[in-house]
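The points are grouped by topic.

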Amino acid sequence: MREIVVGPAEAAKKLANFLKKQFPIGYVRKLFRKNGVRLNGRRGKPDDAIGANDSIQLFIPFEAQNSKPTTPRGEIEIIFEDETLLVIDKPAGLAVHEGKTVSHANTVAGWIERNYRDKALRPLLVHRLDRDTSGLLLLARNENAQAELEKQFETGKLAKEYLALVIGRLAANAGKIESPLPGRDGNLVPALTRYKVIKRFRETTLVRVNIETGRLHQIRLHFAQLGHPVVMDDQHGDFTFNKKFRKEFGLKRQFLHADKMAIGDAEKAHRWSIAPAPDLAQALRRLEINESRAR
């Protein structure tokens, strides 16, 4: 049995929402489906309200569903770490949470379990990156920091920027896409994506993207709606173009990389920046070579 004591920052939340911050959704659903969770000694239900100092007991072992880790300890690079923040460089191909085809051990959450098991402050997720998106991922070192960072996301004090290569040549040098997208409950909610063109190639455009909302697959969906899907997007993209691009440039996943992040205000701010992942950098070099040859 595992016990979790609710901290002050987590008060007035639903039990299911609290657990989804701590564990993969699949594990949380399993807890409720098999009556494996208690709140203050009584059977817990997803909509039960929790308060400070409440006791949550989990009777289904979390580790039991893990398979042998295939993600090496050193594969995730730590960009920054202090008593409240952890910033990592998430490689493409590594999911944040487990899913139908991904075991917990082979995720960022599994990496956290292995590397921070013996430490008092276990990092908590603040936001997500798609499995095949590489780049900066922010985690909190305690519940208070998690609540504060989530608030900064909502107020725009936490900014994320991405590099994306999209199909076709965008006409405008800058623009915004603000069509609504599905939220967590499936209903349409506002979504805003801004972009600036960095360089146009013969058949593609390299853009810098800033999202002011964090919807699932937001960048990929918005550019697909614009008629310029992200290169190598296997869900919302142009499959014929992707096949050709992969053969010519060797890229095997979507060209999307979270390369910049900033939090705080002008007086007290953290800023991080990382170069494009090696596979994306290689594709860009080949694009540049092709452009110079064409000229």
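Strands here are DSSP runs of E of at least two residues, numbered from the N terminus. By that rule, Lys-160 is located in strand β11, which comprises residues 158-167. The model is a predicted one.

- Lys-160 is buried and has no salt bridge.
- Asp-130 carries the nearest side chain of opposite charge, at 9.3 Å from Lys-160; a salt bridge requires a nitrogen-oxygen distance within 4 Å.
- A polar contact of 3.4 Å joins the side chain of Lys-160 to the side chain of His-127.
- Beyond neighbours within four places in sequence, the residues in contact with Lys-160 are His-127, Arg-128, Phe-153, Val-209, Asn-210, Ile-211, Lys-260 and Met-261.

- An open sheet is formed by 4 strands in the order β1-β6-β3-β4, with antiparallel pairing.
- Its edge strands, β1 (2-5) and β4 (42-43), each pair on one side only.
- Strands of a sheet pair through backbone hydrogen bonds, in either a parallel or an antiparallel sense.
- Between β1 and β6 (residues 55-58), the antiparallel pairing extends over 4 bridges.
- Glu-3 has Gln-57 in β6 as its bridge partner.
- Helix α1 (residues 15-22) lies across β1, β3 (37-39) and β6, and runs at about 65° to β6.

**Helix α3**
- Helix α3 spans residues 108-116 and is largely enclosed by the rest of the structure, because 8 of its 9 residues are buried.
- The buried residues of α3 are Val-108, Ala-109, Gly-110, Trp-111, Ile-112, Glu-113, Asn-115 and Tyr-116.
- The cover over these buried residues includes β1, β7 (77-81), β8 (85-90) and β10 (134-140).

**Val-231 in a loop**
- Val-231 lies in the loop between α5 (218-225) and α6 (239-249).
- Val-231 counts as buried because its relative accessible area is 0%, whereas the cut-off for burial is under 20%.
- Leaving out neighbours within four places in sequence, Val-231 is in contact with Leu-165, Val-166, Ile-167, Thr-204, Phe-241, Asn-242, Phe-245, Arg-253, Gln-254 and Phe-255.
- Lys-252 is 21 residues from Val-231 in sequence, and their C-alpha atoms are 10.0 Å apart in space.

Key. Residues are numbered from 1 along each chain as its sequence is written. This is a predicted model: local features need pLDDT of at least 70, side-chain atom pairs count only at pLDDT 80 or more; totals for chains, interfaces and linings use all residues. Side-chain values use heavy atoms; hydrogens and water are left out. Buried means under 20% relative accessible area, exposed over 50%, partly exposed in between (1.4 Å probe, protein chains only). Contact means heavy atoms within 4.5 Å. Two strands pair if DSSP finds at least two bridges between them. Axes are lines fitted to C-alpha atoms, for helices over the stretch in contact, and angles run from 0 to 180 degrees between N-to-C directions. Lys and Arg count as positive and Asp and Glu as negative; His and the chain ends are not counted. A polar contact is a pair of N or O atoms within 3.5 Å; within protein, one must be able to donate a hydrogen and the other to accept it, and residues adjacent in sequence count only if both atoms are side-chain atoms.
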